[in-house]
Amino acid sequence: MCRGKNVAAPLRIGLTGGIASGKSTVADYFAELGAVIIDADIVARDLVAPGQPLLATLANEFGDAILTDSGELDRAALRERVFKSGAERKRLEALLHPAILENMALAARAASGDYVIMVIPLLAETGAKDLVDRVLVVDCEPSLQLARLQRRDGTDDVLGRQMLAAQASREQRLELADDVLVNDRSPEDLARMVEKLDGFYRELAKASDRETRPGLRLP
Ligand code: ADP
């Protein structure tokens with residue numbers, strides 16, 4: 001059967017977790033298994049590429065100083081511009097978040113496959129739960145997040161703690177979870193857990209009782 005208008009859209013899995021919990025690593029493993037990945041950070045970057053209407057809107061709101069000489073978004077300048085004011089930050093988020101989520105929803109509807117992985121780091125903070133059928137939380141101890149953040153980005157402990165404190169708490173995130181992947185073992189263990197989830201989601205996508213199926217908590 002070819003995919004046509006009447007073929008059900010894929011099951012939408014919202015993948016979230018705190019900074020350096022392992023979201024990108026998990027998404028890469030899902031991609032290796034053939035899943036379509038829709039990543040909020042990539043969608044966001046595309047939306048503010050030169051020539052995009054949203055970039056012009058941002059320049060109108062925050063001034064041409066947020067553009068580089070070649071007309072690209074100067075992320076550092078924008079960050080600096082909104083850094084000190086909660087109201088400015090909110091204004092920026094009000095422009096960005098709905099556009100990002102709307103584009104992700106469109107991409108999910110157009111995607112092929114049994115399920116799509118929608119990477120939404122700020123799922124708990126933006127109330128994006130409505131956008132997905134299921135929430136998968138990548139979870140680990142904050143101390144492990146800090147260690148990974150240091151190894152990946154060279155972020156020191158003080159800044160790392162500030163970054164964690166600015167996000168939703170571990171508990172807030174877990175409250176939204178249907179499925180949980182505890183990432184405190186080796187990358188090989190993580191890959192095996194993602195394989196299990198892949199099988200689970202493929203089966204779930206075809207199941208008529210998916211709403212009432214219990215979630216998976218791994219390991
Ligand atoms: P996020 O996308 O949530 O910010 P990443 O997937 O980038 O997190 O992971 C943060 C860092 O930790 C990366 O350098 C990644 O390679 C590493 N990492 C992730 N999971 C593991 C693991 N199970 N064991 C060792 N290192 C890991």
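1. The ligand sits in the largest pocket. The model is a predicted one, and the points below should be read as a description of that model.

2. Around the ligand there are 13 residues, and the closest of them are Lys-23, Ser-24, Thr-25, Asn-183 and Arg-185. Sorted by class, this shell has seven polar, four charged and two nonpolar residues.

3. Which helix gives the largest share of the shell around the ligand? Helix 1 does, with three residues. Helix 1 spans residues 23–32, and helix 7 spans 142–153; each of these two helices supplies at least two residues of the shell.

4. Some contacts can be followed atom by atom. On the side of the ligand's oxygen atoms, one of them lies 2.8 Å from a polar side-chain atom of Lys-23. For nitrogen, a ligand atom is 2.7 Å from an N or O atom in the side chain of Asn-183. The ligand taken alone exposes 560 Å², of which the protein buries 78%.

5. The next point concerns charged side chains. Side chains of opposite charge can pair when their charged atoms come close. With a cut-off of 4 Å between a side-chain nitrogen of Lys or Arg and a carboxyl oxygen of Asp or Glu, the count comes to 15 salt bridges. One of them joins the side chains of Glu-61 and Arg-91, with 2.2 Å from N to O. This pair links distant parts of the chain, as its two residues are 30 residues apart. Glu-61 belongs to helix 3 (residues 53–62), while Arg-91 belongs to helix 5 (residues 86–110).

6. Two places in the backbone deserve a look. Where is Ala-20 found? Ala-20 is in the loop that runs between strand 1 (11–17) and helix 1. Its phi is positive, about 60°, although Ala-20 is not a glycine.

7. The other place is the peptide bond from Leu-218 to Pro-219, which is cis, with omega near 0°. Pro-219 lies in the segment that comes after strand 6 (217–218).

Definitions and conventions. Residues numbered from 1 in each chain as written. Predicted model: local features only at pLDDT ≥ 70, side-chain atom pairs only at ≥ 80, totals over all residues. Heavy atoms only, no water. Near = heavy atom within 4 Å. Polar contact = N/O pair within 3.5 Å; in protein donor to acceptor, adjacent residues only side chain to side chain. Areas by Shrake-Rupley, 256 points an atom, 1.4 Å probe, with all protein chains shown as cover. 1 Å grid on protein atoms, 1.4 Å probe; cavity = no way out; pocket = protein on both sides within 12 Å on 5 of 7 lines; lining within 4 Å. Sits in = over half its atoms within 2 Å of the grid points. Helix = DSSP H or I, 4+ residues; strand = E, 2+ residues; numbered from the N terminus. Nonpolar A, V, L, I, M, F, W, Y, C, P; charged D, E, K, R; others polar.
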